[in-house]
Amino acid sequence: MPGKLKVKIVAGRHLPVMDRASDLTDAFVEVKFGNTTFKTDVYPKSLNPQWNSEWFKFEVDDEELQDEPLQITVLDHDTYSANDAIGKVYIDIDPLLYSEAATVISGWFPIYDTIHGIRGEINVVVKVDLFNDLNRFRQSSCGVKFFCTTSIPKCYRAVIIHGFVEELVVNEDPEYQWIDRIRTPRASNEARQRLISLMSGELQRKIGLKVLEMRGNAVVGYLQCFDLEGESGLVVRAIGTACTLDKLSNTSAFLPACNSPSKEMKEIPFNEDPNPNTYSSGPSTPLKNQTYSFSPSKSYSRQSSSSDTDLSLTPKTGMGSGSAGKEGGPFKTLLRQQTQSALEQREFPFFTLTTFPPGFLVHVGGVVSARSVKLLDRIHNPDEPETRDAWWAEIRQEIKSHAKALGCHAVVGYSESTSICEEVCILSASGTAAVLNPRFLQDGTMEGCLEQRIEEASPPGCGFCHIPYDELNMPFPAHLTYCYNCRKQKVPDVLFTTIDLPVEAIVVGKGCLIQARLCRLKKKAQAEANATSISNLLPFMEYEVHTQLMNKLKLRGMNALFGLRIQITVGENMLMGLASATGVYLAALPTPGGIQIAGKTPNDGTYEQHISHMQKKINDTIAKNKELYEINPPELPEEIIGSPIPEPRQRSRLLRSQSESSDEVTELDLSHGKKDAFVLEIDDTDAMEDVHSLLTDVPPPSGFYSCNTEIMPGINNWTPEIQMFTAVRVSRLSNINPTNQTLNKNFNDLCENLLKSLYFKLRSMVPCCLCHVNFTVALPEDELVQIAVTAVAITYDKNQALQASKAPTEKSQQRASTDNEEQLQFPLELCSDPLSSQPFSPAKEVLEGASSHTGIPAAQRATSVDYSSFADRCNSWIELIKLKAQTIRRGSIKTTTSLEKASPLAEGYLRHRSVPSCTNSTVSVVKMTPLSFLPGAKITKYLGIINMFFIRETTSLREEGGVSGFLHAFIAEVFAMVRAHVAALGGNAVVSYIMKQCVFMENPNKNQAQCLINVSGDAVIFVRESELEMLPVQPSTAAPQPTSSAGDVTT
Amino acid sequence: MWGHLGTPGTRARPAAGMSSDLDVFVGNTTLIDEEVYRLWLDGHSVAEAVARRLRGGVLEREGTSVAVLQSDTRDHYRTFQMLERLLHAPPRLLQQLLFQIPPERQALLVQRYYAFDEALARELLGKKLSKGTKKELDEFDNFKRVFKAVEELRGPLAENIQQLFLLPPSLARDYAAIVFFANSRFETGKRRLQFLSFADFAACAQSMMGHWSQGALAPEAAEPDGDLPKSFLQDLKELKVLVTDKDLLDQHKSLVCSALRGKISVYNELEANFKALSRALVNVGGKLTHARDVRDFFVDLVEKVIEPCRSDKWSPGDLRLFLTQYTAAPRNLPGFRHQALWERYMAAITACLLRMYHD
């Protein structure tokens, strides 16, 4: 009996009129937890009842505390008939179960009814008293903290990153039980909401247990999803990364950063990230691997496990196997072994993080993905969900082997998803193969010398780009060159990853959102035949998606993709593929060549003419894009670039996937030749269409940028003005005789129009960037496509942007210093505007000392700007490298100067900050963002995870404004309920917000519609940096980068 | 129940499928487009609003498409429709949790929603608001809503309105005037009153409430400000003595005339018309106890005071001097014991006349 839950019902307001005769309501409240129910008195004849109840006390064990939601039902008392329910509030009390989060939940909650929506509000106070030692009760995992954020949350430091945790629970879906035939829709919806809430609690508790077993105390990057499998049941599954986190509040431990001689201190590394999120880490090679990774072939059958095909690919580059090539070789092997030992005891060395502590990510191999098609069958015994477990285990195994094939022992930026249509389910997993620094993975096993070597071997600005696999024994054909940054290691020509851009990455120009979109018709079929045809289509879709991405990337003159997410959605008569990623130009990788079109019938004159016309258009587009995204990499003379690497093929042919046979697919050659050599061979009309469609992507209107990662490469002066939004569209793709081409075009138009519409809506925020643009595609019915987009628009300061682009070092410099600030831990004292013109105070020097370690990337950034100027004087690699080394040193000095020069910005900022914030509204403002940080603000506390599931249904669709009116209101209600819960926890923002599911169904004939929405995020308290500065102690440190524009904002 | 619908065999799947395309945008902070709000308030349909926005040149400025504009307009219209319920009780807009709207935007929403066309308001002045005569007009609904909300409330009308509807003070005063006129049912529609604007009447209403209502004397008044206090109106009959008692009338005249001699340009006319003017001024008040006579308040003032003065070419300054002396003089009349009442009465009358004395 280790816990006592206490609940007090204070008051209600704006209740609906339940008694038509009196225009009033006789309301009372039932408070239910587990099997215990309390009631308040009836407060007669009022729409604003004041119950002021006693404290209702529930004595429960902590397992129950974790699983059960608190259920509050508001009813209208009726003497003669049954009491009418007004609505309910479910409160997840999990945030009260760990000490560092919230201590009380208190506030106004919307009273929600699945048929009527929000009906007034209720004021509730909830507290929990925990007894005993929590950890003695092994069935519970109270105390394990959960974060949706896919990086180490600010205000924490990662002591150890343990690794992957996963769990799933299954149950029957109440909507498909026999009783559903006789109960009301309301009862059915509520049964479902309650069940999912219970299952989420149970799942979280079980994951928590696993974390405790691993000796961790937190889950980061926690992602929980539902699979609505219809008749066969309801699956709730979750993945995350177990960590041991340390709260950064007793600073002293970290202070020594600069005085302590120890190596670990010197690197400062691990501490987590100060700046919310700005960190991300690295990507690597292209999707290359990806082609291998789908294993659709036989996996659809029920028991069978999949893919033999891919396994055959793996052996070539098993760990430690390869001959050590060139300089990196022996080291790599050593590193590999080390990492291996750290990782080998883990079944799946996967990490759901997308942003990492500096130094964590050593190399990135490329995207690995696996899909499998399954037929759903009824889950007979919910307590033993082996089938689903086995399915996922199979996929993960495949991912693991793909990563091995890339010479990597870990997968980062890992995620899983499903798409279900009737009884067919596609399971997908993807991530980025990577080599990690073992230091963070284990206690105490750090070996100094090895670390040293790592540092030397991989400069942070480009190290992650260096190939982890053995170049003489490559898992796939690729074109390698020496790194354009350090010249020491090999890099691929293109790099695709699922993670965020590492903070330290050296980038040229700005990034942009790149999407590949694809539809494929499929015959309607049943069961196995259906699964087979889907399996057969998948490889072609993956291939085409990949080709489109590659083409679009080249068209923008860029060479790397971050945050890549490919969704394949299955419908009754088609499959849709939507890939989103953020393209950037990494200075370490070679300049991408253009796109050349080659005609197949060179004799035809008009055809030739047409081809050359197209070619010109493509070239023009590339030129325009380079200007738009400010891609002006330093030019390197050819002889320097010329690498000694044998080149298998200078120009590779791209086979179009139409050319059948899955055997061929595995042989696809995805290496895209040299600099100038990306050839599109036009061998049929489809190809022509493809070229046309390439050119239809319209760049965003001026003043807008967009990306699907946390931060936009090349923009660093955010203002605090943000707008998170969700947009949903359902559209009919085509009417009669759809073909793949018309579908593609329609789908493409749908996405482009949606983006256009967003730009228009948000035009008042210009200059602005849409960050974390997240598209989700569903196929609710024949030919109907539903697209849901959630993103955040952030205004940035244009003037500062200009300056910043001149001094690209600033950003990382600021970030680095932010880190230090966090480590130093007197946040209030130190976090002043770093840019403020105060000259050198001793503190500042300390910081700078520190940043010269963490801030290496900054230095390199600076160098990357100017080394071309002397590059032509170099005749050999060695000379160049030497020179470069010098420049780096010089560069870091320069960086310091630029920091001081930046003070004009600070002045501007000071001017602004006196702008009073307008707040006399009675409702506290809660910000929401899909990002893990708030620009211009500092997160001071994480209050707990928000994970909410709602169902809304109507039987008067027309009266509620049709489908749009219905969904508009529902989404607004969901936002309102999320905000209310956050505010009741004492928070003022939700970060890492995500809408994981939005399932919409309608039956216009019956005037009915139903929608399910599942959202999650982290409730936090943030403090405006400008407010922090108002505090008396004037600091002398660098403030986190977002600050720089803190003031503009609200004006 | 959706379980059944969702099962392939049983789910009704009409050929039409989706009845309409779904297209929504919801921001965590509710987007309010002022231009679209205005169009919505003006009662334009989505199609009309789109057409107007097109004419405004937004397409060229933003390089967007008509479809985008339509989608945007629909989103805003839906938002406004959902907000409208809250706008009917603005304090709820502040407390509600559904839409996160910055306070200054909330104020703008309310202010624009309750703004009205003065020409229309002028037309409706004095008409009954409790029953819908002009249902189609949103503004009329606003008048009715405000009227209903404050009808039974005590205390200063304008302040009550300001509190209940969160309107800016000047707008709240205008609403108070409308409520006041609706309560007292003053006639304002006669042809000879046409030269008076809404603002004129609003100013008169304000003066009358300011000087005559109970709230003006005691904050915790028993009667709503919108009604003139019965006892006061009853008392006004006592003033008739000024015109019925011949001695008093003569003395009053001589006091005023001696005070104004040489000071106003229309002295002769004043001397000639004093008794008629005085009778008119006193009787207007005396009639206020009867609902039917109340209606004629402004008609009487215009017909019996303003028009005669105007035809004698009194300047506004003349009128002001006259009214000042006319109000002050009875203090020196032996036997007149109602000076306080008289001054309270005349304060509003003077303010009204001066406001109304224009072409």
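Me: How many bridges join β29(A) to strand β31 of chain A?
Reply: Strand β29(A) and strand β31 (residues 1008-1024) of chain A run antiparallel, and strands pair if DSSP finds at least two bridges between them. Within this pairing, E953(A) stands opposite Q1010(A) in β31(A). The number of bridges joining the two strands is 16.

Me: What kind of model is this?
Reply: Residues are numbered from 1 along each chain as its sequence is written, while chains are lettered from A and ligands numbered from 1 in the order in which they are written. Side-chain values use heavy atoms, with hydrogens and water left out; local features need pLDDT of at least 70, side-chain atom pairs count only at pLDDT 80 or more, and totals for chains, interfaces and linings use all residues, this being a predicted model.

Me: Which strands stand at the edges of the sheet, each with a single partner strand?
Reply: The sheet is open, with 4 strands in the order β28-β30-β31-β29 (chain A) and with mixed pairing. Each of the edge strands has a single partner, so one side of each is left without a neighbour in the sheet. These edge strands of chain A are β28 (927-928) and β29 (937-954).

Me: Which helix of chain A lies across β28, β29, β30 and β31 of chain A?
Reply: Helices (H or I, at least four residues) and strands (E, at least two) are DSSP runs, numbered from the N terminus. The helix in question runs at about 145 degrees to β29(A), where angles run from 0 to 180 degrees between N-to-C directions and axes are lines fitted to C-alpha atoms, for helices over the stretch in contact. It is helix α23 (residues 962-984) of chain A.

Me: How do α11(B) and α12(B) stand to each other?
Reply: The axes of helix α11 (residues 169-184) and helix α12 (residues 198-212) of chain B come within 9 Å and cross at roughly 80 degrees. The contact (heavy atoms within 4.5 Å) is made by residues including F180(B) and F181(B) of α11(B) and F198(B) and F201(B) of α12(B). Angles under 35 degrees count as roughly parallel, over 145 as roughly antiparallel, 65 to 115 as roughly perpendicular and the rest as oblique. The two helices are therefore roughly perpendicular.

Me: Which residue in the turn between β14(A) and β15(A) has a positive phi?
Reply: Strand β14 (residues 410-421) and strand β15 (residues 424-436) of chain A run antiparallel and are joined by 10 bridges, with S419(A) opposite I426(A) in β15(A). They form a hairpin with 2 residues between them. The residue with a positive phi, about 50 degrees, is E422(A).

Me: What percentage of the residues of chain A count as buried?
Reply: Chain A has 24 helices and 31 strands. Among its contacts between residues at least 6 apart in sequence, 80% join residues at least 24 apart. Of its 1051 residues, the share that counts as buried is 64%.

Technical notes: Buried means under 20% relative accessible area, exposed over 50%, partly exposed in between (1.4 Å probe, protein chains only).
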